[in-house]
Amino acid sequence: MKTTCRILILSGLWLVTFPCLCLAEPSTLFSQAEASQSILRVDEEIQVAEALTPLESLKSEEPADEEIQDSRIATPPEPSQSEESAESIADPLEPINRVFFHVNDKVYFWVLKPVASGYKGIVPQGMRVGVRNFFSNLTTPVRMVNCLLQANLEGTGTEVARLLLNTTFGLVGFFDPAKKTFNLEKQDEDFGQTLGFWGIGPAFYIDWPILGPSSLRDTFGFAGDLLLDPRTYVFNRPIFYAVRPFELVNDTSLRIGNYEDLKKSAIDPYVALKDAYHQYRQNKIRKK
Amino acid sequence: MLEVLMRPIDLFRRTAFLLLILGMAVPGLAGEPTDQVKQTTDKILSVVSDPTLKPSSKAEERRRRIRSAVDERFDWEEMARRSLARHWAQRTDEEKKEFTRLFGGLLEQTYMDKVEGYSGEKVQYAGETIDGDYVVVKVKIITQKNVDIPVEYRLKKKGSNWLVYDLSIEGVSLINNYRTQFNSIISGSSYEDLVKRLKAKATQK
């Protein structure tokens with residue numbers, strides 16, 4: 001009972017302290033409106049369709065064959081057609097999301113970026129990439145289980161192989177010989193993708209303060225993954241509280257510039273980020 | 001002897017023709033579209049890597065060359081049309097021209113900034129899928145930090161040229177992204193407001 005309580009409280013705390021990995025994530029090029037009536041209707045229709053239709057119809061949308069691209073290439077999209085078929089994520093919380101977007105923007109420029117830049121100045125890139133690999137190796141259970149939950153046995157096997165190879169020959173995960181030598185790619189799966197795989201739509205967009213862009217589904221996904229993450233079970237207080245922020249700073253140091261690029265190339269950065277996040281997640285769910 | 005050679009060629013042609021009729025996308029490795037994309041990319045990368053063009057005094061010359069290479073391959077009007085989507089038809093010809101110019105300028109500027117930051121990333125061509133006049137050329141960019149970035153160029157055939165009308169990075173389509181932004185702005189305020197913001201963006205650079 002005590003342990004469960006602890007886990008719940010810690011999960012809650014992590015939801016607050018785990019910062020903008022997602023913010024800088026879409027490495028795309030790549031600021032306030034109410035979606036028009038028809039767009040909302042299309043969104044709702046898509047959500048209802050996604051929620052009600054079983055897995056089969058979701059899968060039938062995208063041809064399984066990797067060679068044959070999605071319908072976008074077969075039917076040259078006339079602008080009007082492609083708009084109806086291109087999904088955009090519902091955003092009923094837009095006013096609040098915009099506030100949090102602004103908060104995250106400030107957190108990034110005032111806190112995260114300066115710290116990450118300083119860290120970048122001190123620690124060489126090879127080391128920082130190594131740290132990233134190390135954490136990635138640690139979170140193998142998350143990817144492993146989610147591959148399994150998506151009936152992707154090959155992926156599960158790949159992750160197991162990667163864990164074994166990288167832990168032994170890669171110095172507890174610092175290096176990635178699994179990829180370099182054996183061409184075993186990281187199977188980037190998470191619980192949000194698993195839920196999406198089984199037909200659950202994103203529902204709506206949420207831009208969490210500090211946590212960054214997400215959706216209702218992906219928020220549950222994030223919480224679910226916490227249970228699979230070995231770092232949840234570190235009971236040494238100082239280490240526990242240091243791990244995520246440190247990982248965040250390390251990751252950001254490798255991604256400085258992405259968020260700035262997004263802002264620079266966007267007319268409305270809030271919408272740009274929201275849409276990039278949505279497309280990115282949809283693509284990840286579609287991909288194996 | 002020529003006749004003997006012609007038969008298998010005929011057979012191949014007929015099969016390919018059949019496949020096209022059946023509407024199947026014909027997967028290929030390096031075909032004409034990939035070659036054209038490669039040509040343009042190589043041209044641009046050679047400009048960016050050229051040591052004689054590195055000094056800031058040469059910036060104008062460098063950009064001019066990159067711009068001309070990009071203009072050969074990117075269909076600005078098609079991109080503008082798709083990004084406005086259903087708002088395009090309502091525009092006058094003058095407005096369409098203006099918008100194409102503004103949006104093309106924004107894209108070009110963004111691309112220019114990214115490309116000038118090129119520092120030896122490897123570009124791998126990972127195949128193409130042709131479907132009639134449309135093609136998807138898959139590219140993988142391998143950064144120095146050993147991250148693979150999957151990029152997809154979507155091209156449409158115009159005459160003998162394949163022209164890019166969309167670019168996806170990690171599954172995020174550029175045109176879709178702008179379409180969402182533009183639609184949000186037009187629905188929220190007006191088309192004029194969008195044009196104003198585009199113009200403001202251009203002067204910002």
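## Exercises on a predicted two-chain model

**Exercise 1. Is B:V164 buried or exposed, and what surrounds it?**

Step 1. Count the neighbours. B:V164 has 23 other C-beta atoms within 10 Å, so it is buried. The cut-off for buried is 20 or more. The model is predicted, and this count comes from its coordinates.

Step 2. B:V164 lies in strand β5 of chain B, residues 161-169.

Step 3. List its contacts, leaving aside neighbours within four places in sequence. They are B:R73, B:F74, B:D75, B:Y153, B:R154 and B:L155.

Step 4. Take one of these partners, B:D75. B:D75 and B:V164 are 89 residues apart along the chain, yet their C-alpha atoms are separated by 5.7 Å.

**Exercise 2. Classify B:E170: where is it found, and is it buried or exposed?**

Step 1. Find the element. B:E170 sits in the loop between β5 and β6 (172-173) of chain B.

Step 2. Apply the count. B:E170 has 20 C-beta neighbours inside 10 Å and therefore counts as buried. The cut-off is 20 or more.

Step 3. Check a distance in space. From B:E170 to B:E152 it is 8.3 Å, C-alpha to C-alpha. In sequence the two are 18 residues apart.

**Exercise 3. Outline chain B: how many helices and strands are there, and in what pattern?**

Step 1. Count the elements. Chain B has seven helices and six strands.

Step 2. Read along the sequence. The pattern is α-β-α-α-α-α-β-β-β-β-β-α-α.

Step 3. Of the 205 residues of chain B, 30% count as buried.

Step 4. Look at contact range. Take the contacts in chain B with a separation of 6 or more. Residues 24 or more positions apart account for 52% of them.

**Exercise 4. Trace β2, β3 and β4 of chain B. In which sense do they pair, parallel or antiparallel?**

Step 1. Start with β2(B), residues 122-131, and β3(B), residues 134-142. They pair in the antiparallel sense over eight bridges. B:E128 has B:V137 of β3(B) as its bridge partner.

Step 2. Inspect the turn. β2(B) and β3(B) form a hairpin with two residues between them. B:G132 in this turn has a positive phi of about 70°.

Step 3. Move on to β4(B), residues 148-158. β3(B) and β4(B) pair in the antiparallel sense over nine bridges. B:V139 stands opposite B:V151 in β4(B).

Step 4. The hairpin of β3(B) and β4(B) has five residues between the strands. Here B:N146 takes a positive phi near 65°.

**Exercise 5. Helix α6 of chain B meets α4(B) and α7(B). At what angles do the axes cross?**

Step 1. Take α4(B), residues 76-84. Its axis and that of α6(B) come within 7 Å and cross at roughly 50°. The two helices are therefore oblique to each other. Their crossing is right-handed.

Step 2. Name the residues. B:M79, B:R82, B:S83 and B:L84 of α4(B) meet B:I175, B:Y178, B:R179 and B:F182 of α6(B). This set divides into five nonpolar, one polar and two charged.

Step 3. Take α7(B), residues 191-204. The axes of α6(B), residues 174-188, and α7(B) come within 7 Å and cross at roughly 130°. This pair is therefore oblique too.

Step 4. Name these residues. α6(B) supplies B:F182, B:I185 and B:I186; α7(B) supplies B:Y191, B:D193, B:L194 and B:R197. They divide into five nonpolar, no polar and two charged.

Step 5. Search both lists for B:F182. B:F182 takes part in the contact with α4(B) and in the contact with α7(B).

**Exercise 6. Turn to chain A. How do α8(A) and α14(A) pack?**

Step 1. Chain A has 16 helices and two strands. Of its 288 residues, 36% count as buried.

Step 2. Get the geometry. α8(A), residues 125-138, and α14(A), residues 237-253, pack at an angle of about 130°. Their axes are 9 Å apart. The helices are therefore oblique to each other. The crossing is left-handed.

Step 3. Identify the contact. A:R128, A:V131, A:R132 and A:F135 come from α8(A). A:E247, A:N250, A:D251 and A:S253 come from α14(A).

Step 4. Sort the residues. The contact divides into two nonpolar, two polar and four charged.

Conventions
Residues numbered from 1 in each chain as written. Chains lettered and ligands numbered in written order. Predicted model: local features only at pLDDT ≥ 70, side-chain atom pairs only at ≥ 80, totals over all residues. Axes fitted to C-alpha atoms, helices over the stretch in contact; angles between N-to-C directions. Helix = DSSP H or I, 4+ residues; strand = E, 2+ residues; numbered from the N terminus. Parallel < 35°, antiparallel > 145°, perpendicular 65-115°, else oblique. Contact = placed C-beta atoms within 7 Å. Nonpolar A, V, L, I, M, F, W, Y, C, P; charged D, E, K, R; others polar. Buried ≥ 20, exposed ≤ 12 C-beta atoms within 10 Å, placed from the backbone. Pairing = 2+ DSSP bridges. Left-handed = near helix turned anticlockwise from the far one by under 90°.
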